[in-house]
Amino acid sequence: MTLILASGSPRRQELIKLLGQPWQVMVADVDESSVDHPDPAVNVIQTAALKAEAVSPHAPPDAIIIAADTIVVLDNQVLGKPSGPEEAKTALQQLRGRTHQVFTGLTIINKTTGQTVNDVAEIKVPMRAYTDQEIDAYIATGDPLDKAGSYAIQHDGFHPVINFGGCFAGVVGLPLCHLVRSLRKSGISIQIDIVAACQAHHHYDCPVFESILG
């Protein structure tokens with residue numbers, strides 16, 4: 001079995017290490033804007049599938065391909081990666097003091113069996129009432145400029161989220177319990193305690209893992 005992550009995201013690469021399995025990266029060269037489904041849950045699955053299918057012909061015959069896509073939604077509006085600092089500031093001002101949704105879709109392709117499994121994590125994210133000065137200081141770090149919604153939940157300096165009670169890894173970009181559940185459906189057993197690994201990595205006592213893993 002060869003585990004392939006179809007993503008160049010350093011955050012997803014950091015998280016997939018927690019599976020405790022050897023893995024490789026094959027970045028999917030796709031036009032994500034070609035997916036325009038209005039339902040965000042469907043949109044992220046279709047985009048993840050597009051990435052997985054692009055990688056599949058170039059992957060080894062025993063590959064397990066993992067692809068993911070994440071979007072941020074506020075008032076039915078998708079907040080993508082900002083084009084620059086001003087767009088990042090606008091997004092962070094829109095999100096401030098409100099609860100939005102993060103959708104992360106997963107596609108797993110088992111090339112040995114030909115099976116494809118899709119899953120999606122839908123997560124409510126409440127933001128704290130940070131100031132404009134905090135926004136400017138955060139943008140100056142450059143961190144929000146490559147992220148959907150213009151923020152990282154895990155950023156040590158900004159700490160944008162308050163009273164969170166969902167899948168932390170899903171907001172980062174790779175919902176690990178959903179991933180393990182999907183791998184099981186694909187016939188792949190992960191021996192590591194992913195709940196303990198994820199909680200230790202994020203210093204977060206997850207309240208939702210049982211509802212995902214059963």
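How many of the ten residues of helix H6 are buried? Seven of them are, so that H6 is mostly covered, where buried means under 20% relative accessible area, exposed over 50% and partly exposed in between, for a 1.4 Å probe and protein chains only. The structure is a predicted model, in which local features need pLDDT of at least 70 and side-chain atom pairs count only at pLDDT 80 or more, while totals for chains, interfaces and linings use all residues. Residues are numbered from 1 along each chain as its sequence is written, and side-chain values use heavy atoms, with hydrogens and water left out.

**Overall fold**

- The protein chain holds eight helices and six strands, these being DSSP runs numbered from the N terminus (H or I of at least four residues for helices, E of at least two for strands).
- Read from the N terminus, the order of the elements is β-α-β-α-β-β-α-β-β-α-α-α-α-α.
- The radius of gyration of the protein chain is 17 Å, close to the 17 Å that the globule rule gives for 214 residues, so the chain is as compact as a globular protein of that length; the radius is taken over C-alpha atoms, and the rule is 2.2 Å times the number of residues to the power 0.38.
- Along the principal axes, the C-alpha atoms fill a box of roughly 50 × 35 × 30 Å, and 52% of the 214 residues count as buried.
- Among contacts with a separation of 6 or more, 68% are between residues 24 or more positions apart, a contact being heavy atoms within 4.5 Å.

**Helices H6 and H7**

- The axes of H6 (residues 176–185) and H7 (residues 194–202) come within 10 Å and cross at roughly 160°, where axes are lines fitted to C-alpha atoms, for helices over the stretch in contact, and angles run from 0 to 180 degrees between N-to-C directions.
- That angle makes H6 roughly antiparallel to H7, since angles over 145 degrees count as roughly antiparallel, under 35 as roughly parallel, 65 to 115 as roughly perpendicular and the rest as oblique.
- The contact is made by Leu176, Cys177 and Val180 of H6 together with Ile194, Val195 and Cys198 of H7, and its residues divide into six nonpolar, no polar and no charged.
- The buried residues of H6 include Leu176, Cys177 and Val180, and just after this helix Gly187 takes a positive phi of about 90°.

**Leu18 and its partners**

- Leu18 lies in the loop between helix H1 (10–16) and strand E2 (23–25) and is buried, with a relative accessible area of 15%.
- Not counting residues up to four places away in sequence, Leu18 touches Leu176, Ile192, Ile194, Ala197, Cys198 and His201.
- Leu18 and Ala197 are 179 residues apart in sequence, yet their C-alpha atoms are 6.3 Å apart in space.

**Loop residues**

- Ser56, in the loop between helix H2 (40–55) and strand E3 (63–74), counts as buried at 15% relative accessibility and is in contact with Ile65, Ile109 and Lys111, leaving aside neighbours within four places in sequence.
- Most residues other than glycine have a negative phi.
- Ser150, which is not a glycine, has a positive phi of about 65°; Ser150 is placed in the loop between helix H4 (132–140) and helix H5 (168–172) and counts as buried at 0% relative accessibility.
- His203, likewise not a glycine, has a positive phi of about 50°; His203 is placed in the loop between H7 and helix H8 (209–213) and counts as exposed at 74% relative accessibility.

Technical notes. Nonpolar A, V, L, I, M, F, W, Y, C, P; charged D, E, K, R; others polar.
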